[in-house]
2 protein chains.
Amino acid sequence: MTALVACAPARRNEPAPRLAPIAIVVHGGAGTIRREQMTPERAAALRRDLETAVRAGYAILASGGSSLDAVEAAVRVLEDSPLFNAGRGAVLTADGTVELDASIMDGAAFRAGAVASVRTVKNPIHLARLVMERTPHVLLVGDGAERFAREMGVEIVDPDYFITPERRQQWERLRARPPADDADAAAAFGTVGAVALDRQGRLAAATSTGGTMNKRPGRVGDSPIIGAGTYANRRCAVSATGAGEFFIRNAVAYDICARMEYLGQSIEAAARAVVLEKLAAQGGDGGVIALDARGRMAMPFNTPGMYRAWAGPDGRVEVRFYRDED
Amino acid sequence: MTALVACAPARRNEPAPRLAPIAIVVHGGAGTIRREQMTPERAAALRRDLETAVRAGYAILASGGSSLDAVEAAVRVLEDSPLFNAGRGAVLTADGTVELDASIMDGAAFRAGAVASVRTVKNPIHLARLVMERTPHVLLVGDGAERFAREMGVEIVDPDYFITPERRQQWERLRARPPADDADAAAAFGTVGAVALDRQGRLAAATSTGGTMNKRPGRVGDSPIIGAGTYANRRCAVSATGAGEFFIRNAVAYDICARMEYLGQSIEAAARAVVLEKLAAQGGDGGVIALDARGRMAMPFNTPGMYRAWAGPDGRVEVRFYRDED
């Protein structure tokens, strides 16, 4: 009998749904956020869009929806906002074009999807989800990803849709004054992401980005790399933002989950060890948002600020920009 | 003084070079290798090219060269061989074209480079190394990677160079008889890779592939993903081959290194746990080659065979195809 049970579909063996403490965390990038350069109007707009993203995801969770739907909905809000470096408002490549990357992972079903270097897909996070759900693949890049988008009938936009006047000006300033090194060029962070836990105890994570300002066309950072920028399993969900190459070399998102599993660390201890110790020691600027299956959140960053917002079981939305806020 | 020492370049703190037991392991893919379908001529040719790859890398190590040079040299031999699914002899996409992926990691310097979806670069592993050494990036894809190749002056070939008559026939057979599922299409493994340890105790890993037969254009598997198909640090070096999507979701190459660090497992125990337990339980076919800083090798696979060859300190080259060989 034991053998028969073991061979039955995994679904049969799952416990009856438990009511987990729903939670969602979003980020809008980590980097040098200077209070003195922040106008009240810009702060209010950033706060509004981060709150809208959390509420979009939270509404799904509160009505019994999936964490997968919640993280996609939250990231779509931030992709559609011109204030973040993802979807509309993405940074420009050295060619003055936009190349977008995104990934999503369903921790309960242990599925993942990602796209890199797409140019006309309005919501790359949605295309990443379709890669996960409609293909046997995890990652599609470039022209092949564009072709898949058209097969799927997702919303296609003119590449100019993504480019805001602010981003064009930032790019022109950067081009006029060649940066001292590539670290300067990479300073324009603003990747977005979300992690969520639903009432069934399922975790999910999603990340979307335009990459780094003035990047070499074809450069892909950690955001669409499962294990680096995004990871989720039954134990934890992570979305990262920062100097992507460091996050790839350190397999940051997976490493946080591995530390929980292998070292027995809490989500907070694991996330802090990776971001504040390992990455910081290497000069890898950035941060993560992370969530465990009990709804405990961690959002460490080693930069002056990280745009972040969250809501736990009570539904109250909190928003923070800087390190020294309460 | 302590603070001064701590701030000095890491190089200053490194111990004087020790004479490590040099070692190199290569693979030419894991999958269903059937003895009854193997002709003596084909077996001899496979054996010859695997041996040539090991000897190319070993010669570098024996003369005091770096593990990084050794893995690149070994992988170049296998890319140039028409018998493996990398470089010349790569499988065809659903469009009848070739799209190549490769990655390399220098475990001592903790640097990495990778390219995905390139179509005209004779040796993708060399381009991956140039991404590591000549850019601040880890991963370049598609047209941007092709442009970088031209900037670097690497050898460019006509896309037809890669396509052998055998691969064209395999592709035509596959197209004529639609596979029952994508697993069938993915059955044509043959990714190549190498891991090496040099006299200075430095580990390196490299992987190169044409992906899966009849793949959707733009599909990228684990081979160019640092942490999935390739990983190296001061402790271990891993190159993987198999059903790429499973290897990405499980961050296979990094996970083996993480188990050594966090669980104190040997390279053999860590590699076996990931390949024979974790991946096998999910149906993730494939294998890895792995090497630790003491020259201990592991090469577990959960498929009927894996083309593999190696040489340790005595320089004797061993070649194996199947599971039950001595």
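Q: Before we start, what should I know about the numbering and the model?
A: Residues are numbered from 1 along each chain as its sequence is written, and chains are lettered from A in the order in which they are written. It's a predicted model, so local features need pLDDT of at least 70 and side-chain atom pairs count only at pLDDT 80 or more, while totals for chains, interfaces and linings use all residues; side-chain values use heavy atoms, with hydrogens and water left out.

Q: Okay, how many residues of chain A are in contact with chain B?
A: 40 residues of chain A are in contact with 40 residues of chain B, where contact means heavy atoms within 4.5 Å.

Q: And which residues of chain A supply 21% of the area that it buries against chain B?
A: Arg216(A), Arg249(A) and Tyr262(A), more than any other three residues. Buried area is the accessible area (1.4 Å probe) that two parts lose on being put together, summed over both.

Q: What about salt bridges, how many between the chains?
A: Four. That term is for a side-chain nitrogen of Lys or Arg within 4 Å of a carboxyl oxygen of Asp or Glu.

Q: Which residue does Arg216(A) form a salt bridge with?
A: Glu151(B), and the closest N and O atoms are 3.1 Å apart.

Q: Switching to strands: in which sense do β7(A) and β4 of chain B pair?
A: Antiparallel, over two bridges. Strands here are DSSP runs (E, at least two residues), and two of them pair if DSSP finds at least two bridges between them.

Q: So what's the bridge partner of Arg219(A) in β4(B)?
A: That's Leu140(B).

Methods: Helices (H or I, at least four residues) and strands (E, at least two) are DSSP runs, numbered from the N terminus.
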